[in-house]
Amino acid sequence: MTSEVAAAKSLATVAAVQRRGFNIAPYLFILPHLLFFAAFLAWPFFFGAYTSLFQFDFLRPENRPFVGLDNYTRLFDPAAIQAANFWRSMRATVTFMIVSVPPLVIFAVFLAVLLNNRFGGRNFFRMVFFAPYTLSVTAAAVIWWWLFQNQGLVNQALRALGLGGEQWLSSMPEAWIAITIATVWWTIGFNTVIILAALQEIPASLYEAAAIDGASPARRFWHITLPMLRPVLVLVITITLLASANLFGQPYIMTAGGPTQQTETVIFQIYNEGIRRGQMGSAAAMSIIVAGILLVLTALNFKFFGKSETE
Amino acid sequence: MKKTYGGAWAMLAVAALVLSACGPGGATTRPSGPATSPTGTAGTPTGPAATATAGPGATATTGPGATATMGPGGSPSAVTCPDSARDQTIEMWSPLTGPDGDEMSALAQRFSAENEWGITVSHVPTPDYLVALTTAAASPDQLPEATIVRVINVAELAVRNIIKPWTDEALGIVGDPSQLAQLPWERGEYNGERYSVPFDISALVMYYNKDMFAAANVAEPGTEPWTRQEFEDALTALDDSGVQAISVGTLFNSATLFQSFIVQFGGSVVSEDGTTATFNSAEGVEALTYIKNLRDAHGTGASGTGDPEVQPFTAEQAAIVIHGPWHISNLAQNDFVGFAPIPQVGEQFAVWGGSHQLALHSEDPAIQAAAGCWTSWFLQNSLDWAAAGQIPAYTPARENPELATRAPGIAAIAPSAGEGVVVLPQVPGLEGALWPQGFEPAVDRILLGEETDIQAALDTQAAASQQVIDQNAQQFGSGASPAP
């Protein structure tokens, strides 16, 4: 009897402590991620911000003058080479986002709807479409670099059809088309799998009810599938936008930034400035600006596309 | 619905991790050649067994080149080393990732097996070697003992503390510098210190199709560069015979042609001290006009990365291609391929070039001495390296009659390149300022027809280039080494 009372009392105490004060358990739960976040995101971010205030060469600690905001102001000085390079690469990046995000999302929805049907070999095709995603960017880009050569398979196929060949990797806009095709082939499996998972969560009863009401498959897609997918699509679009903004490996390998630097993306530019030229401070300033722009873009995306679920 | 949304956030976190690991912006390496070397130190005999000198390969080099006065003994097996070099191990990186890398590995293995001091040299071909060196230098004990560097990178590597000067003792083991090609030797010096010793000279080669030349009644060129008249007559005759006379591409191909022709016409891409971009001169306009006409009149206009301009030549569709010497080993397998110096279209001969040089990361006297022994042996065995597609920096090997049989392609270009090679002054970051930030985009914009005003295109890029040169001077100090 007394022990039961004591137990009840101690339970009450614990509950009171939990209500009133500090409970370490939740923090322990997030600790592993927090550690990784701190080590691999927070610390590099703040160190990058610090770096951007110096003329910074990590191999020459003896020569590392503080330059204040010079690295930033130079990016907004139209006469400066850094500004010309940075904003040209920014335009290239935006171009790629515009041409690559729609196919990466639309084809992924299309593929996911197809793969969600019941048919023989369904799992095999799910694997086939996801398989390229497991390749490294180097492997994927080299494959397509090779296919898009002047005498490559793509041109040989086109010529066999009597269509003539293109200079895929060294003319505009063909270079963007080639890079986009390579990227879609390589990464679409990821988007497809996410959307497929969301499709499987849509209750079958909605489709059954619509079918009873005589809705055509197209109407069911527009009025059930797409609205139900909306939250996941916001996520997929966000991820795809960010991934496209980080484009680097494909132009690095397929076009070397050409023709005439037109596929030199902003990450490519940061790499050139920081690693190739040893101007880490200037490169860090570029990174900070890009990070800011991407944060705003992500927030806008969630604000406008993520909204209607509460309506 | 709310629930799905929360799930989405969780997935975003996971996805962000996945993407950061392998998204489109993930880490890359260049798709060039083998990434690692098969050479290891295992199985390399050290101790008494290694003193059995002269393996089968060594006897091949006892021509005049090998008997010259680098080592007191005058034969390859007679390199003399101080005792301090005994049993040292040298890991040596290089940007040689093609077939020439395999050849370098074989030479390093042979030296390790043959030398009497138990010195071991293992060669590691390293793609994107500058980035690899830079990142290795950022952490302790990651750098190898030595690296074969491109001569144009010496100043930058030196100013960033990645390579260390050679000691006089080690240089004494290498031998007499007057036996080495003069310009590459001079370019291995920066700020009064000796940072690298030249192994070879690379220069552009004019590859031609013997069968097409015969069919068009064009006499094959010799080791003397063609005159402008001979070159243009040949192009016309080849065109008339119904083949594509010459294949001219963009990027490296057009940039090296530009850098060669501008000097041939009497100009230069940069001032002697490397502080002023001068490629927008009248000679620059003349050179670019000439290349543009070559490409428009004769080419099908290959362009892009990966040397696509060589492909029509390999496929026997184009009669001539002017390119780097690293294509020699592949192209030499075709009987139809001939080798010649590039034509002289201006009033003097000049050809774009580079040089592979041995630089050291270690200041340890024992390592330095061992590196001296290796270099001495390598220079005396330069004919083997010539066979891999490089012109020996070692003059006795360059002038050795055996060169013609051992490396016909190299023998054809060695005499002209020995004198006319153009290597940029030794200034940190100069190649970056002049190429990607300088004339390369202008040359390509003109060749691809994106711009037509050659003077304006060069002016724009010269201004950009000058900014980068000035920024580099401010960052690295304006310590341009005294250019010869």
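Predicted model: local features only at pLDDT ≥ 70, side-chain atom pairs only at ≥ 80, totals over all residues.
Residues are numbered from 1 along each chain as its sequence is written, with chains lettered from A in the order in which they are written. Local features need pLDDT of at least 70 and side-chain atom pairs count only at pLDDT 80 or more, while side-chain values use heavy atoms, without hydrogens or water.

**Stop one: a helix in chain A**

Select residues 266–276 of chain A, helix α12. Helices (H or I, at least four residues) and strands (E, at least two) are DSSP runs, numbered from the N terminus. Eight of the eleven residues are buried, so α12(A) is largely enclosed by the rest of the structure; buried means under 20% relative accessible area (1.4 Å probe, protein chains only). Among the buried ones are F268(A), I270(A) and Y271(A). Now show what covers them: the cover includes α10 (217–245) and α13 (280–305) of chain A, together with α4 (129–138) of chain B. Just after the helix, click on G278(A), which takes a positive phi of about 70°.

**Stop two: a disulfide in chain B**

Next, pick C81(B) and C373(B), which form a disulfide (cysteine sulfur atoms within 2.5 Å) with the sulfur atoms 1.8 Å apart. C81(B) lies in the loop between α2 and β1 of chain B and C373(B) in helix α14, so the pair ties together parts 292 residues apart in sequence. Both cysteines are buried.

**Stop three: a strand in chain B**

Finally, select strand β8, residues 205–209 of chain B. V205(B), Y207(B) and N209(B) point one way, M206(B) and Y208(B) the other, and all are buried. β8(B) pairs (at least two DSSP bridges) in the antiparallel sense with β10(B) over four bridges. Four bridges also join β8(B) to β11(B), again antiparallel. Zoom in on Y208(B): its bridge partner in β10(B) is I320(B), and in β11(B) Y208(B) stands opposite G338(B).

Terms used:
Buried < 20%, exposed > 50% of the residue type's maximum accessible area, 1.4 Å probe, protein only. Contact = heavy atoms within 4.5 Å.
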